[in-house]
There are 2 protein chains.
Amino acid sequence: MAQARRYAGGVDGNRSLERGIEILRAFRPGVDTLGNGEIAERCGLPRSTVSRLTRTLVNSGMLDEVRTERSYRLAASVISIGHAMRTGSPVLNAIGPMMRAESAKRRLNVGLATADRTMMVYLESIRYSPRAALRNVVAGQQVPMELTSLGRAYLAGIAETERERLLKLFKRRSTAATKALLADVRRSISAVERDGYCAVSWQPAVLAVATPMVLDGVPVYALNMSLQNVDRSDALASEIGSYLNAFAAKCKEVLAGREPE
Amino acid sequence: MAQARRYAGGVDGNRSLERGIEILRAFRPGVDTLGNGEIAERCGLPRSTVSRLTRTLVNSGMLDEVRTERSYRLAASVISIGHAMRTGSPVLNAIGPMMRAESAKRRLNVGLATADRTMMVYLESIRYSPRAALRNVVAGQQVPMELTSLGRAYLAGIAETERERLLKLFKRRSTAATKALLADVRRSISAVERDGYCAVSWQPAVLAVATPMVLDGVPVYALNMSLQNVDRSDALASEIGSYLNAFAAKCKEVLAGREPE
DNA sequence: CTGGCATTTCCACTAAGTGGAATTAAGGGG
DNA sequence: CCCCTTAATTCCACTTAGTGGAAATGCCAG
């Protein structure tokens, strides 16, 4: 009744399109090919519907058909759209070069990310390495929001209602240690409010420190700096934190200055 | 009549999904934000329809709304899907590391691309630089098929019917020099058939040599090697061409060996 | 405050999409 | 080699979900 009618002639959106996007999203690192049956299961859609939608996606160039195994793979078009996204991102364009410089100057990794549902996705990640190794960019890589400094900084940066919505989702999906985890997340959020940054080591021997970037006209981003092969220490965290605060301030300045194009 | 009915209850696909994808595609490097009106014009769709579809794309996380200027931007989700594509590409996974090694060994740029409609899109591009500079990856970048060695190698690798279809499209869009250009394209295709590779310099002082990679179960790819700041010379082209032929052969071997997973 | 432009909502219409059932195609033993 | 299982695709009657013109709303500029 009060149940807002989804998918009538109007306000709510387009069902087929939503479903098609959901199919594309079903492909993630680790699932390189999917057959119609598997897609139907994962997305909760009737098989005949999936069959039609995947055909459309193939015709539109978003999926490649793997005839031999009756399955599909993401097509190269998706990376060209991804490239367009990076190219068109004013935030990345403005501070990408600054991130590179900062990484070299401070001798640590510098990353920029924003949210994709309950994950954080890197727009850029500059890995510092003395020999300037090649593998710097892992743009598009996702890390879990609730476990990472990036994610927690993001949570600290968004509106409260949205934050609570997300926290509920984590509660629902985390199987174990939920209570403790959520408390830890809230502690990180408080840290951001107090110090401007939060520090987390969700991967062994990696210390990561992140801060939110709240700007006009774009989603909330998070900046991080991280170091490998170190022990967590509050002194180190606060040193990196102060670098990060200074860097974030500089970035915001630049973005405020060049935004009004 | 004979006009195959598009968009009935079946065989041809889904109209809304196709349109939604077309909207995403309207964002390309150079067009960072688009309003509904502009989208409507570019995609040839009624404005009210675009309004609904963009809303859906926002809800699905593919577009970000820029309230201040009543327009949209590609959202970060698209790069996470792009990342999944690269992660799931068996070809890129297999030969990406080989490309890196080859680039270092031969001291030149090595690229891997495939087609997105009438453009070639890089899956990977290893730029050789003595100081191992950072900016190596331009994955997702597009270059015109008819003007590049990559594109012409690709054309040489695909089925003839498809090739002729594409050539007709070039004829239609090229404003000038069509005759000469098409002849040049055909010359390159013959070169591939004769020598295994073709050489083109569509950018000043860059010599690029490319060869097709025709494999089972995946689209046709093209590999290229290129050098900056050189004069075009047949001797140089044939030297690089022989490197490329050898490298491509090695790649095909590896791919044949590890395909049957 | 008013006029012009752009976007969104409304709404009657019906084509377009849906999904269960039937059909076809694809391996895998026997 | 052929049958049998399993999965994908096509059919088709149904009707909902999407459409697009027109009206309404919202937004700036002057």
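## Surroundings of DNA strand D

DNA strand D is surrounded by 24 residues, the closest being R15(A), N36(A), R70(A), T49(B) and R52(B); a residue is near a strand if one of its heavy atoms lies within 4 Å of it. Of the atoms of DNA strand D that come within 4 Å of the protein, sugar and phosphate account for 70%. The model is predicted: local features need pLDDT of at least 70, side-chain atom pairs count only at pLDDT 80 or more, and totals for chains, interfaces and linings use all residues. Residues are numbered from 1 along each chain as its sequence is written, chains are lettered from A and ligands numbered from 1 in the order in which they are written, and side-chain values use heavy atoms, with hydrogens and water left out.

A side-chain N or O atom of R52(B) is 2.6 Å from a base nitrogen of DNA strand D. The side chain of R70(A) places an N or O atom 3.0 Å from a sugar or linking oxygen of DNA strand D, and a polar side-chain atom of S51(A) lies 3.1 Å from a phosphate oxygen of DNA strand D. Two or more residues of the surface near DNA strand D come from each of α1, α2 (36–43) and α3 of chain A and α1 and α3 of chain B; helices (H or I, at least four residues) and strands (E, at least two) are DSSP runs, numbered from the N terminus. The most, four residues, come from α3(A).

## Surroundings of DNA strand C

Around DNA strand C there are 25 residues, of which T49(A), R52(A), R15(B), N36(B) and R70(B) are the closest. Sugar or phosphate holds 69% of the atoms of DNA strand C within 4 Å of the protein, and the rest belong to bases.

A side-chain N or O atom of R70(B) is 3.1 Å from a sugar or linking oxygen of DNA strand C. Phosphate oxygens of DNA strand C lie 3.4 Å from a side-chain N or O atom of R19(A) and 3.4 Å from a polar backbone atom of S16(B). The largest share of the surface near DNA strand C is the four residues of α3(B).

## Interface of the chains

In chain B, 66 residues are in contact (heavy atoms within 4.5 Å) with 66 residues of chain A. The buried area, which is the accessible area (1.4 Å probe) that two parts lose on being put together, summed over both, is about 5,300 Å² between chain B and chain A, and carbon and sulfur atoms give 65% of this area.

On the side of chain B that touches chain A, α4(B) supplies the largest share, twelve residues.

## Relation of the two copies

Key: Polar contact = N/O pair within 3.5 Å; in protein donor to acceptor, adjacent residues only side chain to side chain.
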